[in-house]
Every structure is written in structure tokens, then in C-alpha cells.
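Student: I have a new structure to look at. Can you take me through it?

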Amino acid sequence: MPEVPPVSGPSGLIGHVAESFSDSGALARVVEGYEPRDGQRRMAAAVADVIQHGGTLLSEAGTGTGKTLAYLIPAILSRQRVLVSTGTKNLQEQIFFKDLPALSRALPVPFTATLMKGRSNYLCLHRWEMYRDGVEGNTSAGGRLIESGDEVLLPILKKWVAGTTTGDRAELKDLPEDLPMWKGISAEAETCLGATCPRYGDCFVTLMRQRALESDVVIVNHHLLCADAAIRQSTFGEVVPTCPTLVVDEAHQLEDVATQYFGVSFSNYRVDDLVRDGGRLLSGTPRNVEDLARALQRVADRSRAFFSALSTERALKITEARARYTADAMQEHFEDGMMLAGALEGLEATLALERGSNGSNGSNGSNDSNDSNASNGSKDSSELASSVRRRAGELRSDLRFLMRADDPDFVYYAEARGRGLFLRASPIDVSRTVREALFNRFRSIVLTSATLAVDDGFSYVKGRLGLRDAEEVRVPSEFDYRTQALLYLPRRMPPPKSPAFAEAAARETIELLKRSRGRAFVLFTSYAVLRTVQQFVEMALDFPIFVQGSAPRSMLIDQFRSTPNAVLLATSSFWQGVDVVGEALSCVIIDKLPFASPGDPVVAARIDAMTAEGGDAFSDYQVPLAILALQQGLGRLIRHRTDRGVLAILDPRVKTMGYGRRFLASMPPAPVTHDLDAVARFFM
């Protein structure tokens with residue numbers, strides 16, 4: 001589809017969109033069971049208007065509105081290329097594999113589409129070949145990348161690689177999500193050789209980008225959207241093709257993702273990967289093999305000393321998950337950090353000398369196949385050396401920035417995760433960066449979610465994302481919460497900080513689960529309360545209990561859906577992006593109002609910044625953020641017109657604190673009860 005002006009006619013694009021959603025329109029003729037929805041029509045008209053005339057639209061569309069079709073149809077009928085960014089891979093795949101095929105049958109306009117994910121989702125053919133040859137004993141390929149215990153997976157992978165056209169990890173449904181070997185064969189940016197790679201021409205990432213350049217609808221997620229904006233900001237090129245129209249679905253997640261991608265990170269994992277890949281150069285017998293071996297060993301030793309000291313540092317409190325630090329707190333480790341930076345710089349210099357010697361060692365013109373193989377091997381080594389040298393420079397630069405810790409626009413913190421130790425710097429305020437690096441590139445922008453408004457307006461999200469002028473539309477849910485749902489608030493509960501809260505929450509949870517016959521999500525703001533409630537529930541009830549962390553997230557959801565009367569106990573990652581339709585989920589219980597921890601370094605820095613400017617951080621930042629999170633958690637319950645269920649909030653602050661009124665005003669318009677007998681009657 002060429003990029004041409006919007007559809008012409010007496011009423012232009014808006015008229016064509018209205019016809020598509022009419023009782024006898026394109027959707028009614030093709031989509032089985034199509035039901036015209038007033039909210040969907042209103043949103044679609046607003047989207048069409050902003051696409052046709054330019055500008056920004058903020059659209060809150062309650063659950064059941066059908067917002068995906070409300071923005072896809074105007075975008076396709078506009079005959080302009082559109083970039084759609086979602087918060088999750090699941091929604092990406094729903095749009096690509098379900099919604100767009102239906103629209104290709106319904107709409108009179110032909111279009112093409114491409115699904116784009118982050119690089120780590122795709123197989124790197126070059127690294128795969130080295131892995132495969134290493135496992136099969138061909139040490140000339142650079143040795144083993146993965147432990148030999150994974151050899152049993154080789155036949156599965158070889159069969160998949162021979163048949164896949166996308167290289168997308170999601171196609172390997174029979175293998176676990178957290179497959180350790182995948183990191184060694186995926187197309188991660190840090191290990192990519194770029195245009196110098198021998199498999200660049202048929203690289204899955206290259207082919208994906210080529211398809212995207214030729215497509216009318218390009219579907220990405222927020223991580224890739226922000227990664228592309230960060231790359232453009234650093235003038236390294238682009239990942240996602242230029243489009244006049246951007247649609248950001250699940251826009252409430254954008255600030256968190258942008259905070260991650262416009263920051264800086266340094267970890268022992270990154271250094272270990274660098275040393276490992278640099279070690280593969282040694283098997284190619286470089287001219288300065290001894291110098292290179294010493295340089296790599298120096299980096300490994302300096303890294304081990306630096307991170308070992310950090311891991312036992314009391315001043316930084318790195319025994320906590322995330323601990324904020326200042327330049328003064330890091331001063332004790334400044335010398336160790338600079339020695340590691342110097343070792344990285346030494347590795348760069350050694351690789352620069354090796355590259356120079358290879359460059360001067362020209363071919364003698366022989367046609368002998370051994371010479372040809374040696375030439376190819378030398379080329380591969382040179383490409384790998386360039387990649388390792390570039391990465392060493394990036395690591396050195398990132399480490400020095402993090403050690404100085406002197407940029408007032410960033411918050412600096414250490415994070416312990418498994419065996420990894422990370423130093424990070426995150427922007428305190430991403431609003432200007434998001435506006436300048438992302439939004440300013442587009443003629444038309446649509447930001448939508450089921451949860452965008454707070455206190456009946458969009459002021460909060462506009463401030464957080466740097467939006468100045470925007471059209472606004474709020475579309476209520478199509479569901480009848482007055483008959484489909486019941487909101488339960490206990491009569492008496494101890495304060496959340498009370499030592500008695502967890503046990504009281506367990507008692508209330510047990511009583512609710514008895515009445516709902518399981519079939520519930522119990523969502524927590526901390527693992528501590530989850531563990532206490534888990535102990536009581538498992539002793540008191542016979543329902544199948546699934547607990548976050550006992551299996552991969554997708555497996556837990558599948559088990560919950562397929563197990564009668566199941567109960568899932570989970571924390572933050574299950575508060576959004578999970579759909580369970582029907583009786584399998586008939587109750588959602590939330591222990592506490594989901595305030596972000598003021599001890600979190602990023603949250604604390606934002607509170608400090610707002611307070612320093614004379615603002616009320618609690619009222620203007622912490623409460624709105626918690627309201628949006630609560631709306632997402634409660635939104636797990638009613639996903640279809642036939643769903644029924646009970647929402648329960650165990651936190652007494654919704655009734656006892658002044659700000660509780662703001663939370664209650666944001667709840668679905670369901671009847672409120674304090675009586676467990678009313679809950680029992682609801683389920684009869």
C-alpha cells in the first residue's frame with residue numbers, strides 16, 4: 001500500500017470508518033457474532049480524526065470496548081503506514097495472528113503487516129552454526145558455546161532451523177521459556193557482527209526489518225519502540241521503519257519501559273559474556289595470542305575483584321534487591337572500577353593491534369581450498385574481534401559514567417538479581433526524552449489503554465509522558481458491572497503495616513475462597529504476605545494452589561485455566577496482561593493498595609525531585625500510580641459479557657484514609673458489600 005493522502009470522499013476517512021462499524025458494514029458482513037458498540041464507534045471516529053488531521057489522541061477505552069479494532073480500522077483505511085506498539089508480546093501476537101487476518105477479509109483495502117520483536121527473540125544463524133559445530137566436535141568452529149548437556153536438544157533445534165522462516169523463539173513451544181542455551185545462539189545486539197556477519201544476507205533480523213520496510217502495518221512492543229528511539233538518539237541508525245502514525249496500546253506501561261531503555265547498565269554478566277566471546281578468538285591463533293590472552297585475563301580478574309567487593313559492600317546495601325548509591329558511596333570502589341575500565345581499554349588496544357596486523361596480511365592470490373578456508377576463518381575472526389573491541393569500549397564508557405554518578409538527571413543504584421550484580425542509572429524524568437526522542441517523530445499519535453485516566457482526567461499521564469496538547473476521549477466499559485460483579489471490602493482489617501495484617505488477610509482469603517469455590521487470583525504487593533497467606537490457605541483448603549515462581553508464568557496461567565477450582569497466588573507480574581475468560585476466574589482478591597515502594601531507587605528519586613520543586617509527590621505521583629495499578633489488577637476479573645465475579649480489596653485504607661475515596665472512585669461501578677454472606681449469595 002503506497003503512502004497516499006487519506007481516503008477521499010464527502011466525509012473522508014471518518015465516513016469510511018463509520019461505515020465499517022455500521023450495523024451492515026464490513027465487520028458485520030465478515031465477523032461472526034459482530035455486535036455494534038457505541039464506545040468502539042466513538043473511539044474509532046476520534047482515531048480517524050487524529051490520523052486525518054494530525055496531532056495526539058489520548059483514549060481510555062474500558063474493558064470490552066474492542067479498542068484494537070477501533071484503532072486498526074482507521075489506520076488501515078487511511079492508507080498510511082502505521083506503527084502499532086503494545087505492552088506485551090501476547091497482544092502483539094493477537095493483533096498479528098487474529099485481528100489483522102480478520103480485517104484483511106473484512107476491509108476493501110489490501111494491506112501487508114509485519115510483526116517485529118526484540119533481537120533476543122530471534123536465532124542468530126552465525127552463532128547457531130558455531131554452537132552446532134562445537135557440540136558436534138568441530139573445534140575449528142570456535143569451540144563449544146554451550147555445555148554439552150544440551151546436546152539432547154540438538155536434533156530439535158536442527159529440525160526447527162531447517163524449517164523456520166522467521167527464526168522466532170516463540171515457535172519452539174515444546175522447549176522451556178527460560179532455556180539457558182538460547183542466550184548463546186540468539187541475535188542479541190551486543191554479540192551482533194552487523195553487516196560484516198557472513199550470514200547477514202539471510203539473517204532473520206535483517207529479513208524481519210526488510211519486511212517491515214515494505215509493510216503497511218508494523219507491530220512492535222514498547223521495549224522495541226524505546227530501543228529504536230534510543231538508537232536513533234545516539235545516531236546509530238534505526239531498527240523500526242519510519243511511519244507517519246504511531247499507536248501506543250497499553251500506554252500506561254510506556255513510562256516504565258522508557259525509564260529502562262534511556263538509562264545505562266553495567267553488570268558482571270556483560271563482562272563475562274565479553275570475556276567468553278573474546279576467548280573464542282584465541283582458538284584462531286591470532287598473531288598476538290599471548291597479549292590477547294593476558295588482556296582477557298586482566299579484564300576477568302579486575303571484574304571479579306570489583307564485583308566481589310561490591311557484593312559485600314555494606315554502604316551500598318546491595319544485599320537488598322535494589323539499592324540507591326551516590327558518588328560518595330561509590331568512592332571506596334572508585335579505584336577498582338577505574339582499574340576495570342583500564343583493563344577494558346587495554347583489551348580494546350590489543351584488539352586494535354591485532355586488526356592492524358590482519359589488515360596488512362594480504363592474500364597471496366592462491367586458489368587452494370585450504371587457503372580459501374583459512375581466509376574465511378580469518379574473516380570470521382576479524383569480525384568477531386571488531387565486535388568484542390566495540391563492546392569493550394561500550395562497557396568502559398558505561399562503567400565510567402556509573403562510577404562518577406554525578407549527573408543530576410539520573411538516579412544511580414545497584415541491583416542484585418540471581419548471580420548477577422548490576423550497576424544502573426535511570427532517568428528521573430523521562431517526559432522530555434519521550435517527547436523529543438519518540439513522539440516528535442510522528443505526525444499522528446494515538447495513546448490508548450483500559451487504564452489511563454485518574455480523577456476523571458488525563459493530567460497525570462500527560463505530565464508523565466511529556467504531552468502538551470492532546471485530544472481526549474473516554475469510553476466506558478461495555479460490561480454491566482452492576483450485575484456482573486460485586487466489590488467486597490472487609491468490615492475490619494488491621495493496618496497494612498501491622499504484624500497482624502498477613503494473618504488477617506489469610507483468614508479473609510480463606511473465607512472468600514470457600515464461597516467462590518476457588519477459581520481465584522489472589523494478588524499481592526509483596527512476597528512476604530504471599531508466603532504467609534499461602535501457608536494458611538494450603539492448610540485450610542483442598543483447592544489446587546498455584547504459586548508464582550513455581551513454574552514459568554505462561555505455564556502457570558495454562559495450568560490455572562485447565563484446572564477446576566484452582567487458586568493462583570501471585571505478585572506484580574500477574575496484575576496485568578493476563579486474560580482468563582469464563583468461570584475459571586470468578587474472584588480477584590487484592591491484599592494491599594499497590595503503592596510503589598518509596599524505597600525503590602527510581603520511585604524515591606522521583607519523590608525527591610517533586611518535593612524539591614514544591615509539589616505533593618504523594619498526591620500527584622504515588623496515589624495516581626497506585627490507582628492505575630489497582631485498576632489493572634481488578635481488570636483481570638471481567639473479560640467477557642458473560643463473566644461474573646467478586647472483586648475484593650483487603651486493605652482498610654480505602655475506607656479509613658482520605659485518599660481512599662480516590663481509589664473507590666476509580667473502581668468499576670459494582671455494588672459494594674462488607675458481608676461475606678452477600679458474597680455467598682452472589683455465587684449461588
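Student: What does the accessible surface of the chain come to, and what percentage of it belongs to carbon and sulfur atoms?
Tutor: This is a predicted model. The accessible surface of the chain is about 30500 Å², and carbon and sulfur atoms account for 50% of that.

Student: How many residues does the chain have, and what percentage count as buried?
Tutor: The chain has 684 residues, and 52% of them count as buried.

Student: And how many helices and strands are there?
Tutor: The chain contains 27 helices and 18 strands. As for contacts between residues at least 6 apart in sequence, 77% of them join residues at least 24 apart.

Student: New topic. How many aromatic pairs does the structure hold?
Tutor: There are 16 aromatic pairs. One of them is F266 with F307, a stacked pair with 5.9 Å from centre to centre and 10° between the planes.

Student: Where in the chain are F266 and F307?
Tutor: F266 is in strand 6 (residues 264-267) and F307 is in helix 13 (residues 289-311). They are 41 residues apart, and the pair links distant parts of the chain.

Student: Are F266 and F307 buried or exposed?
Tutor: Both F266 and F307 are buried. Another aromatic pair is Y325 with Y412, which is tilted, at 6.0 Å centre to centre and 50° between the planes.

Student: Which parts of the chain does the pair of Y325 and Y412 tie together?
Tutor: Y325 lies in the loop between strand 7 (322-324) and helix 14 (327-330), while Y412 is in strand 8 (residues 410-417), so the pair ties together parts that are 87 residues apart in sequence.

Student: Why does Y325 count as buried?
Tutor: Y325 counts as buried because its relative accessibility is 3%, and the cut-off for buried is under 20%. Y412 is buried too, with a relative accessible area of 4%.

Student: Which residues are in the cluster with Y325 and Y412?
Tutor: Ring pairs connect Y325 and Y412 with F401 and F410 in that cluster.

Student: What about charges over rings? Where does the charged end of R417 sit?
Tutor: It sits over the ring of F422, 4.5 Å from the ring centre. R169 lies over the face of W182, at 5.8 Å from the centre of that ring.

Student: Which residues line the largest cavity?
Tutor: Its lining includes P490, R491, R492 and M493, and also I649, L650, D651 and P652. V654 and K655 are among the lining residues as well.

Conventions: Residues are numbered from 1 along each chain as its sequence is written. This is a predicted model: local features need pLDDT of at least 70, side-chain atom pairs count only at pLDDT 80 or more; totals for chains, interfaces and linings use all residues. Side-chain values use heavy atoms; hydrogens and water are left out. Helices (H or I, at least four residues) and strands (E, at least two) are DSSP runs, numbered from the N terminus. Buried means under 20% relative accessible area, exposed over 50%, partly exposed in between (1.4 Å probe, protein chains only). Contact means heavy atoms within 4.5 Å. Accessible areas come from the Shrake-Rupley method with a 1.4 Å probe; for residues, only the protein chains shown count as cover. Rings of Phe, Tyr and Trp (its six-membered ring) pair if their centres lie within 6.5 Å; planes under 30 degrees apart count as stacked, over 60 as edge-to-face and the rest as tilted. A charge sits over a ring if NZ of Lys or CZ of Arg is within 6 Å of the ring centre and within 35 degrees of the ring normal. On a 1 Å grid over the protein atoms alone, a cavity is a set of points where a 1.4 Å probe fits but cannot get out, and a pocket is an open set with protein on both sides within 12 Å along at least five of seven lines; lining residues have an atom within 4 Å of a point.
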